[in-house]
Amino acid sequence: MSEPLRTIRDAHRPHGRRLGIIVGMPAPDDLLDGIAEILTHSGELPARRLARLRPRPGETTTRPQDVAWFVQRFGHEYTTVVLDPGMLSPAAEAACRDENCTLVVTDFALSQR
């Protein structure tokens, strides 16, 4: 298991309504597969509990303000937010803090090597 996946596994402690993991997109398949495995091992269906924050139409990556918006509205259902450094902003960090979501920042490009 890669270091980012170990960090995500350690951060994901599902309880109550907090059962899912949020990932900014694009993200490499090996990272998504590993997160799906983490969710499965905790008894959750990845199709239901893995939120993939897709870029806006015509864009290539999730905007930091879209991360903040999503976490502010739905963060109470998630334990962990996984982002590439380019998706990070003070507003996204504040939203994760306010909603008690663990923020894991990992360089997705390194995961693809």
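**Close-up views of a predicted model**

**View 1. A bridge between two strands of the sheet.** In this predicted model, Ile 22 has Ala 51 of strand E2 as its bridge partner. Strand E1, which spans residues 20-24, is joined to E2 by four bridges, and the two strands run parallel. Helix H4 packs on the sheet, where H4 touches E1, E2 and E3, and the direction of H4 makes about 175 degrees with that of E3.

View 2. Four strands form an open sheet in the order E2-E1-E3-E4, and their pairing is parallel. Strand E2 (50-53) and strand E4 stand at the edges with a single partner strand each, so that one side of each is left without a neighbour in the sheet. From one strand to the next, the twist averages 20 degrees.

**View 3. Helices H1 and H2 where they meet.** Two packed helices are described by the angle between their axes and by the distance between those axes. For helix H1 (residues 3-11) and helix H2 (residues 29-41), the axes come within 10 Å and cross at roughly 30 degrees. Because angles under 35 degrees count as roughly parallel, H1 and H2 are described as roughly parallel to each other, and their crossing is right-handed. On the H1 side of the contact are Leu 5, Ile 8 and Arg 9, which meet Asp 30, Leu 31, Gly 34, Ile 35 and Ile 38 in H2.

**View 4. The two sides of helix H5.** Within helix H5, which covers residues 90-98, Ala 92, Ala 95 and Cys 96 are buried. These residues lie on the same side of H5, because they cover an arc of only 100 degrees around the axis. An α-helix has 3.6 residues a turn, so residues three or four places apart point the same way. Among the elements that cover the buried residues of H5 are helix H4 (64-74), strand E3 (78-83) and strand E4 (102-105). On the other side of H5, by contrast, Pro 90, Arg 97 and Asp 98 are exposed.

**View 5. Asp 98 and what follows helix H5.** Along the chain, Asp 98 and Gln 72 are 26 residues apart, while their C-alpha atoms are separated by 7.9 Å. After H5 comes Asn 100, whose phi is positive, near 60 degrees.

Methods
Residues numbered from 1 in each chain as written. Predicted model: local features only at pLDDT ≥ 70, side-chain atom pairs only at ≥ 80, totals over all residues. Heavy atoms only, no water. Buried < 20%, exposed > 50% of the residue type's maximum accessible area, 1.4 Å probe, protein only. Arc of directions from axis to C-beta. Contact = heavy atoms within 4.5 Å. Pairing = 2+ DSSP bridges. Axes fitted to C-alpha atoms, helices over the stretch in contact; angles between N-to-C directions. Parallel < 35°, antiparallel > 145°, perpendicular 65-115°, else oblique. Left-handed = near helix turned anticlockwise from the far one by under 90°.
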